[in-house]
Amino acid sequence: MRAGLTRALCLMAAPLAAILLMAGAASDPAEALHDPGQEARARALFREVRCLVCQNESIDDSEAELAGDLRRIVRQQVATGSTDTQVRGFLVERYGKFVLLKPPFDAGTAALWAAPFVVVLVGGLVIYRRSRKMGVDAAPLTPQEREKLRALDL
Amino acid sequence: MIAELGAFALVLAFALSAAQAGFSFAGRYWRNAALRGAGEGAALATLLTTATAFFALMVCFITSDFSVANVAANSHTDKPLLYKIAAVWGSHEGSMLLWNLALTGFGATVAIWGRDLPAGLKSLTIGVQGLLGLVFLGYTALVSNPFLRLAVAPVEGASLNPILQDPFLAIHPPFLYSGYVGFSVVFSFAIAALIEGRVDAAWARWVRPWALAAWSLLTVGITLGSFWAYYELGWGGWWFWDPVENASFMPWLVGAALLHSAIVTEKRGAMPGWTVFLGLLAFSFSMLGAFLVRSGILTSVHAFAVDPKRGSILLGILAVAAGSGFSLFAWRAPMLKAGGLFAPVSREGALVLNNLFLATAALIVMTGTLYPLGYQAATGQPLSVGAPWFNLTFAPLMAVVLFILPAGTMLSWKRADALGAVQRLWAAGLAAVAMGTGGLLLVQTKTAFAAIGLALGGWLIAGALAELAFRVRLGKAPLTESLRRLRHLPRASFGMTLAHIGVGVFVLGASVETHGRIEAARAVAVGESVQVGQFTLTLSDVASVEGPNYTAERGTVRVTSASGDTFLKPERRFYPANRQTVSQVAIQSHGPSDLYVVFGERREAQGKPSWLIRAYWNPWARLIFGGPLLMALGGAISLSDPRLRLAAGARARATAIAGAKA
C-alpha cells in the first residue's frame with residue numbers, strides 16, 4: 001500500500017524532478033533563523049529528516065515544497081526551545097518513523113543496530129577458533145638459525 | 001531494417017549462448033577437444049552477435065529512428081550526438097543490452113586468453129559463462145527487447161532526462177557495467193573449480209586478472225558516478241548511501257576482499273574455500289544490484305528504468321544463479337584442501353583481518369539497504385535507514401581496518417615479527433601525528449574527526465611509502481642497490497603501493513571536505529556580492545543563452561580573492577523537451593580544493609530582480625575522486641604485471657623451483 005503511495009507520489013513528482021534536483025535548499029537565507037546557534041542545530045536536524053515525497057533525500061538537500069514545510073516546522077520548534085529529541089518525537093508522531101533517516105533504537109531496529117557488532121564479533125570468533133586449531137607448523141627458529149637467515153639476505 | 005537486424009542478432013546471441021554452454025559442458029564431459037573448441041567458437045560468436053545487436057541499437061539512436069519504441073522514449077533529434085549514443089544505455093532495455101555485451105565480452109576473453117588454462121577448467125568456465133549469457137540474453141530478448149517497433153512512429157522523441165545529459169554520466173555506465181559483469185568471470189571460474197573439486201595456487205592466479213580488471217573498472221565507474229553527483233546535483237554531495245549507490249558498493253567491497261584473499265590462496269594455498277565463496281558473492285551482489293536498481297523496490301534518488309514486473313523476473317534470475325552457485329559451494333567446498341598454515345601474526349593473518357572487515361562492511365551495507373524491506377514486511381510500517389546510520393556504523397569499522405593496513409603490508413608470510421613491523425613504520429607514525437596536529441592547527445577544522453581523518457590519511461600514505469622503502473632497503477643498502485631493487489620490483493607491488501596511497505588520498509579528501517566546507521547563500525541583484533571563505537563573489541551580469549536543446553539564464557560571477565579577479569559562469573538551464581530546469585554549476589579549482597557556485601532562481605525584491613547564489617568552498621574535494629582513481633590505476637598496474645599473464649604461469653613456477661634449488 002505504502003509502496004504504491006510512494007510510487008504515485010513519485011509519478012506526480014516526476015515533472016518536478018528538476019526542481020527537486022536543484023538541491024542544497026536549506027541554505028536559502030530567506031528561511032534561516034536569526035540565532036546562528038539555533039540555525040546550526042536546525043541544520044543538523046535537517047540532515048536526519050527525510051523529505052517524504054522525494055525519492056531519497058534529506059530535507060536539508062531537497063527543494064520540494066514539502067521539504068520546505070518540514071524545514072519550517074523544525075526551525076519553528078527549535079526557535080521555541082524544543083530539544084532535538086522533542087523535535088524528532090514531534091515529527092515521528094506526525095509522519096511515522098519513516099521520516100527519520102537515522103532510525104531510532106527500539107525493539108524493531110535493535111537487529112539493525114546490533115548487526116555490525118554481531119558480524120564482527122562472530123567473524124572474529126570463527127577466525128580465532130580456526131587459527132587456534134591451525135597452530136604453527138614448526139618450532140620457532142633458534143638464534144643461530146635466525147642469524148643464518150639474516151646472512152642470506154633474502 | 002536496422003532494428004530488425006538487431007533483434008535478429010539478439011535472438012541469435014541467445015541461441016549461441018545455449019550452444020556455448022552445451023558444447024563446453026559436453027566437451028568437458030567426453031573430454032573431446034572438438035566439442036570444447038566448438039564451445040569456445042560459440043563464445044566468440046555470442047560476443048559478435050551481441051555486439052551487432054548493441055551497435056544496431058546505437059544506429060537507431062544516432063539516426064533518431066522513432067519508430068523504435070525505445071528510441072522514441074529516450075531520444076530527441078535536438079540532442080547532441082554524444083547523448084544520443086549515451087541514451088543507448090539510458091533505459092532498462094538498453095542497459096540490459098550493455099550488460100549482455102559486457103557478459104559475452106568477458107566470456108570471449110576467457111576463450112581467447114585462456115590458452116594455458118587446464119582444458120577442463122576452461123571449458124567449464126566458458127560453459128557457466130554461457131549459461132549466464134543464456135539467462136540474461138533470454139531476459140533481454142523475451143521481456144526487455146529494445147528493438148520493439150511502434151505501430152505509429154511519433155514525429156519527435158521524449159528525450160533523455162537532462163541531468164543525465166552529461167559527459168561523465170555518458171561514460172559512467174560502460175565502466176560500471178564492465179565492473180559489475182567482470183565479476184561474472186570470477187563467478188564462472190568459481191563454479192568451474194567447485195565442479196572440478198580443485199582450488200589451488202594456480203587457480204587463484206588465473207582468477208586474479210579478471211578480478212583485478214572488474215574491480216578497477218567498477219572503481220572507475222563508481223567514481224565517475226560520484227563525481228557526476230558532486231557537480232550535477234547542485235550542492236556538492238558526493239555519496240548519499242542511497243540504495244543504488246550501495247548496490248554498486250557491495251560488489252566493490254566484496255571484490256576488494258576477493259583481491260586480497262586471492263593473494264593468500266595464490267601465494268600460500270590457504271583459504272581456498274573462502275576465496276571461491278567471495279568469487280560467487282561478488283557477482284551475486286552485482287546481480288542483486290541489477291535487480292535493486294530496476295525493480296523500484298527501494299526508493300532511490302538514482303532509481304532508473306524502474307519496472308516492478310520485470311524486476312521480479314530479475315529477482316528470479318538472481319535466486320536461481322546465486323542459489324545454485326552457493327548450493328554447489330555448500331556441497332563441494334568441504335572437499336577443497338587448504339594448505340599453507342600460518343601464525344596469527346603474519347601477512348596471511350593481516351589479510352584475514354582485512355577480509356573480515358571488508359566482508360563485514362559489505363554485510364553492513366546490505367543490512368542497511370535491505371532492512372527497511374524486512375521491517376515493512378514484518379510490521380507494515382515503512383522505515384528509513386539513511387546516511388546517518390551508515391556513517392555511524394561503516395566509518396568506525398573502516399577506520400579500524402585502515403589503521404592496521406600499513407602494518408599488515410610490513411608483515412612477512414607465515415610468521416611475522418610484529419615488533420619489527422611496527423619499528424619499520426615509525427616514520428609513517430610520525431607523519432600521521434604531524435598531519436593530525438597540523439590539521440588541527442592549520443586547516444581550521446571544526447571537529448576532532450577531521451584531525452583523526454587527516455592522521456589516518458597521512459598514516460596510510462606514509463605507510464605505503466615506508467613499505468616501498470623497506471622493500472628496496474632504502475637507507476639500509478647503498479643507493480645504487482636500492483635503485484636496482486626498485487627497478488626489479490614486480491609491478492604488482494607498485495600497484496599495491498599506489499592503491500594503498502589512493503586509499504589514503506581518499507581519506508584525506510573525504511575528511512577535509514566533510515569537516516571543512518564553507519557554505520554561503522544570498523539573493524543578490526546585479527552588482528551585489530556574497531562572501532564565501534576568502535572569496536567575494538559579485539554578480540556582474542545575467543544573460544540569456546541558447547544551447548542546442550535548452551535555453552539558459554547565465555550569471556557572470558566575478559570572483560575576487562587575494563590573487564586577483566576571475567570570472568565564473570554558472571547557468572540555470574531549461575530543457576523544453578522535458579520541461580525541466582537544471583542547474584549547471586560552475587566550479588573553479590584551486591589545487592585540490594573547489595570553489596563551487598550555483599546560480600539559483602530569479603526572485604523579485606523591492607521591485608528589482610535578484611538571483612539566489614549559493615557558493616561552497618570545498619577544501620580538498622578533488623582528492624575524494626583522485627584517491628579512487630589512484631586505486632583503479634594501482635589495479636591496472638598490477639594487471640599489467642607479467643606474472644599475472646596466463647602464459648607466464650608455467651614459467652613463473654619453473655623459475656620459482658629453480659630459485660628454491662639455488
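How do helices α8(B) and α9(B) run relative to each other, roughly parallel or roughly antiparallel? Before I answer, please keep in mind that what we are looking at is a predicted model.

Let us take the two helices in turn: α8 covers residues 201–232 of chain B, α9 covers residues 243–268 of chain B, and where they pack their axes lie 9 Å apart at an angle of about 150°. Angles over 145 degrees count as roughly antiparallel, and α8(B) and α9(B) are therefore roughly antiparallel to each other. As for the handedness, α8(B) passes α9(B) in a left-handed crossing. On the α8(B) side the contact includes B:A204, B:V207, B:W215 and B:I222, while on the α9(B) side B:P251, B:W252, B:G255 and B:L259 are among the residues that take part.

Finally, a word on chain A, whose secondary structure comes to 7 helices and 0 strands. Chain A has 154 residues, of which 30% count as buried. If we consider the contacts in chain A with a separation of 6 or more, 53% of them are accounted for by residues 24 or more positions apart.

Notes
Residues are numbered from 1 along each chain as its sequence is written. Chains are lettered from A and ligands numbered from 1 in the order in which they are written. This is a predicted model: local features need pLDDT of at least 70, side-chain atom pairs count only at pLDDT 80 or more; totals for chains, interfaces and linings use all residues. Axes are lines fitted to C-alpha atoms, for helices over the stretch in contact, and angles run from 0 to 180 degrees between N-to-C directions. Helices (H or I, at least four residues) and strands (E, at least two) are DSSP runs, numbered from the N terminus. Angles under 35 degrees count as roughly parallel, over 145 as roughly antiparallel, 65 to 115 as roughly perpendicular and the rest as oblique. A crossing is left-handed if the near helix is turned anticlockwise from the far one by less than a right angle, and right-handed if clockwise. Two residues are in contact if their C-beta atoms, placed from the backbone, lie within 7 Å. A residue is buried if 20 or more other C-beta atoms lie within 10 Å of its own, exposed if 12 or fewer, and partly exposed in between; C-beta atoms are placed from the backbone.
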